[in-house]
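Please keep the sequence and the structure in view while reading.

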Amino acid sequence: MANILTRMGDGERVQMSVSEVRDALLAGTHDAAQKGKIPELGSDELEQLLEIFLDKNRIVGVAPGEEVVLTHDIGTLRLMGDQANSGVGIPLSRLQGILVHERAFAADTMELGHIDYSFKPVKPIISMEMQEYETAAMMTIVPLFYGAMPNLGTYYRPDGPFGNPSDLLPQGKVREAREAQLEAAGHATRDMVYVSSKLHEVACEGINFDTTAAAGDADFYATLNAVAEIKKTMPEMAIEVGMAGEFILGMHGELFFNGQRLAGMYPHQQVKVVEEAGADIFGPVINTNTSRSMPWNVARAVTFVKHTVAVSSIPIHVNVGMGVGGVPVFETPPIDSTTRASKALVQIAKVDGL
Amino acid sequence: MPIAHVMASGMGGIRTAGDLVARMQMHRKMKLPAAKKYVAERLKISVTDLSDEQVMREIREDLDIGIITSVPGSAKGMEAKARIAALLDLEISTVKRFRSKTFF
């Protein structure tokens, strides 16, 4: 059989034989199973994945009736933002960007987000965000979230008031690093609850916590506590928790939520604490390995996500942006790879959304 | 890039019933099959028809719950959301606020 045209994790096009693709799929699922201590994909599922990669068409898709819901992060920054925000620099207002997504991009939901897309910088200008949300909510039909990143790193020096664990840990100051993280987490929780409560005053339909745990277990801890508090006092506000990476980095190492240690958690474990905190939708991340092929990466992602879906009692909207969810690490991810990841996650991992 | 996902596997937002199914996930934590079943039952159609543009355009016009193209006189924004809230028997916070501010 002729070689299959596929890609590496960095987007580079490569040719692989059918047996090489088969081996890559097996290796990918095995890697996920070993790391996560979860089941590998079955032979039927691997054959189904192989068929997706054997398909010679540029674009592949799911069958009618299998379609899923898409939630969006990053607000409208992909339109008016700069490269650092994955943006294309079109000078649109945020309201225009939201309506473009609703009317032209077939978005199922949409999100308002600040240009400095983290909770800490939003706090001092929250009135601006409230009024922007009020206006957008009058004009939109699709559900409208407000999104921001917990981004615990903004609380550490030099950007914030607390000691920086990245400086303290190499000096062997473990106790000081842990204290700093715990203090920062407390402030971050307070700020996230404050911002959410102000948006609640203008009837915000939902909050999206984007790139949760980017700064490790303390970041995750702060977010879980914020979600729990929000759900206690504002239960009608929907909450989506989207992750930053597949694995919770133990920058602190001794932080627990409901008796479960957060450091070292994989998606199927992360979802359980997110559920316990009260969130409505969970967005797992599986990181793409640029040195491996896309068949390897997709098989790995599907293995992790399938198990996460199986153990979850809330909808799973897997992250499938650049470099995650079986999508190549490239600014403009190739459409052939993107649609293959999409199809695999919907048909085999049985996600509730993307 | 989201457009690639929309084309491959997205429901299609207000082109079809994507926004309606999304609301059931957000507000009632419904997983996809349950969310689709609920919306399909409320609309009295099959689950497959939920993502059929031809079927859903007629339904959205008849129910006046918002359509993609800008037809003068069709419900837009808050008008459409209020009708969606009633259709799905869902309390949508922005609609509730609108009602409280307008005495309806």
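## Burial and the model

A residue counts as buried if 20 or more other C-beta atoms lie within 10 Å of its own, as exposed if 12 or fewer do, and as partly exposed in between. The model discussed here is predicted.

Most residues other than glycine have a negative phi. A:Lys350, found in the segment that follows helix 12 of chain A, has a positive phi near 60 degrees although it is a residue other than glycine. Because A:Lys350 has 18 C-beta neighbours inside 10 Å, it counts as partly exposed.

A:Ala106, which is not a glycine either, has a positive phi of about 55 degrees, and it lies in the loop between helix 4 and strand 3 (110-118) of chain A. With 23 other C-beta atoms within 10 Å, A:Ala106 is buried.

## A cis peptide bond

Most peptide bonds are trans. The bond from A:Arg157 to A:Pro158, however, is cis, with omega near 10 degrees, and A:Pro158 is found in the loop between strand 4 (144-149) and helix 7 (165-168) of chain A.

## Where the chains meet

The contact takes 46 residues from chain A and 42 residues from chain B. On the side of chain A that touches chain B, helix 4 (94-103), helix 6 (126-139) and helix 12 (335-347) each supply at least two residues, and helix 12 gives the most, with six residues. The residues of this side of chain A divide into 26 nonpolar, 11 polar and nine charged.

Methods:
Residues numbered from 1 in each chain as written. Chains lettered and ligands numbered in written order. Predicted model: local features only at pLDDT ≥ 70, side-chain atom pairs only at ≥ 80, totals over all residues. Contact = placed C-beta atoms within 7 Å. Helix = DSSP H or I, 4+ residues; strand = E, 2+ residues; numbered from the N terminus. Nonpolar A, V, L, I, M, F, W, Y, C, P; charged D, E, K, R; others polar.
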